Amino acid sequence: MTTRGETLRLATRGSDLALRQAATVQEALGGRRLSVELVEVETTGDQIRDELIHRLGKTGAFVRSLDERVLSGDVDAAVHSMKDMPTEGTDDLVVAGVPERAAAGDVLVTPEGRSIEELPENAVVGTSSLRRRAQLLAERPDLQVEPLRGNVDTRLEKLLAPSLQAEHQDRHEAKQERKGNAGDEDYEHPYDRTVEEWFDDLPELHRRAMERDVETPYDAIVLARAGLERAGLSHHVELTDLDPDTFVPAPGQGALAVTALDGNLAERIKDRLDHPRTRVETTVERTILAELGGGCVAPLGVYATLQGGVVHTNVRVLARDGDEEIRSSRDLPVERHVAAARDYAAELADQGAADLIAAAKRDAGGADDDAATATEEDGDA
């Protein structure tokens with residue numbers, strides 16, 4: 001397939017994070033002989049806003065609508081968060097380009113910058129990822145893990161709203177108290193700035209949080225570092241990196257993928273965009289995911305890093321409540337990383353990973369009976 005007048009039409013979701021991610025691909029692909037136009041597409045996952053991803057009934061809720069536009073010829077290629085992608089691709093479509101991966105790990109976000117050990121007993125932690133939920137409960141069974149959906153900024157607003165609203169109320173009461181103590185030379189105002197000065201200095205994200213109705217008062221939430229950084233929001237919040245050896249990321253987390261019809265255009269995209277190291281690492285992760293078939297209905301983390309001639313690979317498969325798990329790491333030979341990943345996954349299945357995944361699927365009511373599984377929630381959030 002050739003592009004229209006050397007303009008490549010690249011499909012993307014319309015969320016702020018998706019557009020930012022697509023813009024990085026647009027910049028990398030563009031050049032003297034090729035311009036790139038972004039085409040926003042609403043996906044199934046965008047349309048069903050109130051459902052958790054693992055209850056949508058089908059995998060690839062944020063992927064299929066984009067790829068269908070490629071297959072129909074309406075666009076030339078599509079950009080995805082790799083962890084959203086089913087492992088079994090569509091006939092004639094290939095992953096044409098895999099740019100260099102951003103940070104792959106998760107972060108704990110709290111209003112005070114606490115670590116997971118510092119959270120109070122029975123703290124409420126927000127996430128809609130079964131993987132994150134199980135890993136949190138495995139470390140802290142006392143935690144109350146509650147659903148959390150929305151774009152990155154929406155999730156942050158939900159976290160910050162209670163503390164910001166409480167501070168606003170305190171400052172307002174202090175203002176009234178100051179008026180009542182006018183003329184008292186011994187009265188000390190607790191704040192250096194007025195409530196109006198404080199509000200005027202707040203970032204836009206914090207102002208929106210102040211106007212949000214609080215349904216669940218979260219003590220912390222868990223997000224992907226890559227999503228926070230790509231959205232330009234990491235400096236607005238207090239965050240703590242979670243150890244990827246323990247909080248093993250989702251397969252493909254932090255990576256993007258560009259799909260296109262197999263052929264000349266796919267080769268051109270690969271030449272301009274592909275990052276060999278990221279391609280190897282994410283191929284290992286997604287091969288293990290495909291062989292185990294866990295996807296969005298089972299808590300499964302796989303994280304591979306290329307280290308010289310081997311691909312160091314960590315795998316963690318858990319029961320949904322985090323009380324059982326299969327945990328392993330292995331160095332896979334890079335020269336046969338695909339076959340080695342398949343063999344490793346088969347061993348993990350025999351060691352009990354298959355039983356944990358089967359139990360998770362039963363708990364999910366058979367929502368995903370397809371091995372073509374994506375992994376978790378909205379994009380790289």
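**A guided reading of the predicted model**

The accessible surface of the protein comes to about 16,900 Å², and 41% of that surface belongs to carbon and sulfur atoms; such areas come from the Shrake-Rupley method with a 1.4 Å probe. This is a predicted model, in which local features need pLDDT of at least 70 and side-chain atom pairs count only at pLDDT 80 or more, while totals for chains, interfaces and linings use all residues. Residues are numbered from 1 along each chain as its sequence is written, and side-chain values use heavy atoms, with hydrogens and water left out.

The protein contains 11 helices and 13 strands. These elements are DSSP runs numbered from the N terminus, namely helices (H or I, at least four residues) and strands (E, at least two). Of the 381 residues, 51% count as buried, a term that stands for under 20% relative accessible area (1.4 Å probe, protein chains only).

Strand S3 (residues 77-81) is mostly covered, with five of its five residues buried. In a regular strand the side chains alternate between the two faces of the sheet. In S3, Ala77, Val79 and Ser81 point one way, whereas Ala78 and His80 point the other way. Two strands pair if DSSP finds at least two bridges between them. S3 pairs with strand S1 (residues 7-12) in the parallel sense over two bridges, and Ala11 stands opposite Ala78. Strand S10 (residues 256-261) runs antiparallel to S3 and is joined to it by five bridges; here the bridge partner of His80 is Ala257.

Helix H4 (residues 130-139) is largely enclosed by the rest of the structure, because seven of its 10 residues are buried. Among them are Leu130, Ala134 and Leu137. The buried residues of H4 pack against several strands, including S5 (106-110), S8 (220-224) and S12 (310-318).

Two packed helices are described by the angle between their axes and the distance between the axes. The axes of helix H1 (residues 16-29) and helix H9 (residues 264-273) come within 9 Å and cross at roughly 95°. H1 is therefore roughly perpendicular to H9, a description used for angles of 65 to 115 degrees. Axes are lines fitted to C-alpha atoms, for helices over the stretch in contact, and angles run from 0 to 180 degrees between N-to-C directions. Val25, Ala28 and Leu29 in H1 meet Ile269, Arg272 and Leu273 in H9, where contact means heavy atoms within 4.5 Å.

Conventions:
Buried means under 20% relative accessible area, exposed over 50%, partly exposed in between (1.4 Å probe, protein chains only). Angles under 35 degrees count as roughly parallel, over 145 as roughly antiparallel, 65 to 115 as roughly perpendicular and the rest as oblique.
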